[in-house]
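Good morning, everyone, and thank you for making the time.

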Amino acid sequence: MNNCIKVVPIALRCQQRTISTSSVLEGKRNFRKFNVYNKRGTRVVKEAQKTMAKPPVAIHKRGVRDTGILVDGQYVEIPEKIPDIIVPDLTSCNLKPYVSYKAPDVVQSEFTSLDLFNAVYSQKIIEDFKAGKLQADGSAKEPSVNEQLTPEEALQRARKTGSDIF
């Protein structure tokens, strides 16, 4: 009876179920999912790829397009298929290719309508006031081009591309 009590815990441990997310496969792996282009094949196949125009196992080009075509077994380059890379001349450029983390933070307040008014109109109003060129209601006797704009024209100019650069 004592022997049966000792055997029961061992039997219970053997009956435990385990869940595995991968199979053992007895050491075998599925290498078909690893794309190793132009590496498989015997020496005969690789020699055929080098010498034959149309080998039995095509050469994988890894997504690179040809810049020509085969005409009567001869490869003919087509200039239109060769990509043109246009690079600007940056010899006099003072900019660096990256911004250092040691660069100071730029803190700028919000650009308000008062700032816009001061940037565009205030200097002309001050000059007109000092020269006495204002009418009784405060409008200019000789208005500038910006002062003659209608609200619709001003809105159209403000929405135009590049209007934020002044």
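Let me begin with a term: two strands are said to pair if DSSP finds at least two bridges between them. Helices (H or I, at least four residues) and strands (E, at least two) are DSSP runs, numbered from the N terminus. What you see is a predicted model, in which local features need pLDDT of at least 70 and side-chain atom pairs count only at pLDDT 80 or more, while totals for chains, interfaces and linings use all residues. Residues are numbered from 1 along each chain as its sequence is written, and side-chain values use heavy atoms, with hydrogens and water left out.

With that in place, the secondary structure comes to five helices and two strands, and along the sequence these follow the pattern α-α-β-β-α-α-α. Strand β1, residues 68-71, and strand β2, residues 74-77, run antiparallel and are joined by four bridges; in one of the pairings, Gly68 has Glu77 in β2 as its bridge partner. The two strands form a hairpin with two residues between them, and Asp72, in the turn, has a positive phi of about 55 degrees.

Next comes burial, where buried means under 20% relative accessible area, exposed over 50%, and partly exposed in between (1.4 Å probe, protein chains only). Of the 166 residues of the protein, 4% count as buried.

How many salt bridges does a search of the whole structure find? The search finds four, a salt bridge being a side-chain nitrogen of Lys or Arg within 4 Å of a carboxyl oxygen of Asp or Glu. In one of them, the side chains of Asp66 and Lys61 meet at 2.9 Å, N to O; Asp66 counts as partly exposed because its relative accessibility is 36%, and Lys61 counts as partly exposed at 44%.

Another salt bridge, at 2.6 Å from N to O, links Asp128 and Lys124. These two are four residues apart in helix α4, residues 122-131, and are therefore separated by about one helical turn. Asp128 is buried, since its relative accessible area is 7%.

Glu142 and Lys133 also form a salt bridge, their closest N and O atoms being 3.9 Å apart. Glu142 is exposed, with a relative accessible area of 52%, whereas Lys133 is partly exposed, at 34%. Salt bridges that share partners also join Lys124, Asp128 and Glu147 into one network. Lys133 itself lies in the loop between α4 and α5 (151-159), and its C-alpha atom is 9.6 Å from that of Pro143, 10 residues apart along the chain.

Finally, the surface patches, which are made of residues with over 30% relative accessible area and no salt bridge, like charges being joined within 9 Å and nonpolar side chains (Val, Leu, Ile, Met, Phe, Trp, Tyr) within 5 Å. A positive patch is formed by Lys39, Arg43, Lys46, Lys50 and Arg62. Of these, Lys39 is found in the loop between α1 (2-14) and α2 (43-51), and Lys39 counts as exposed because its relative accessibility is 57%. Ile69, Val71 and Val76 form a nonpolar patch, with about 210 Å² of accessible area together. Val71 lies in strand β1 and counts as partly exposed, at 37% relative accessibility.

Methods
Areas by Shrake-Rupley, 256 points an atom, 1.4 Å probe, with all protein chains shown as cover. Lys, Arg positive; Asp, Glu negative; His and termini not counted. Charge placed at Lys NZ, Arg CZ, Asp CG, Glu CD.
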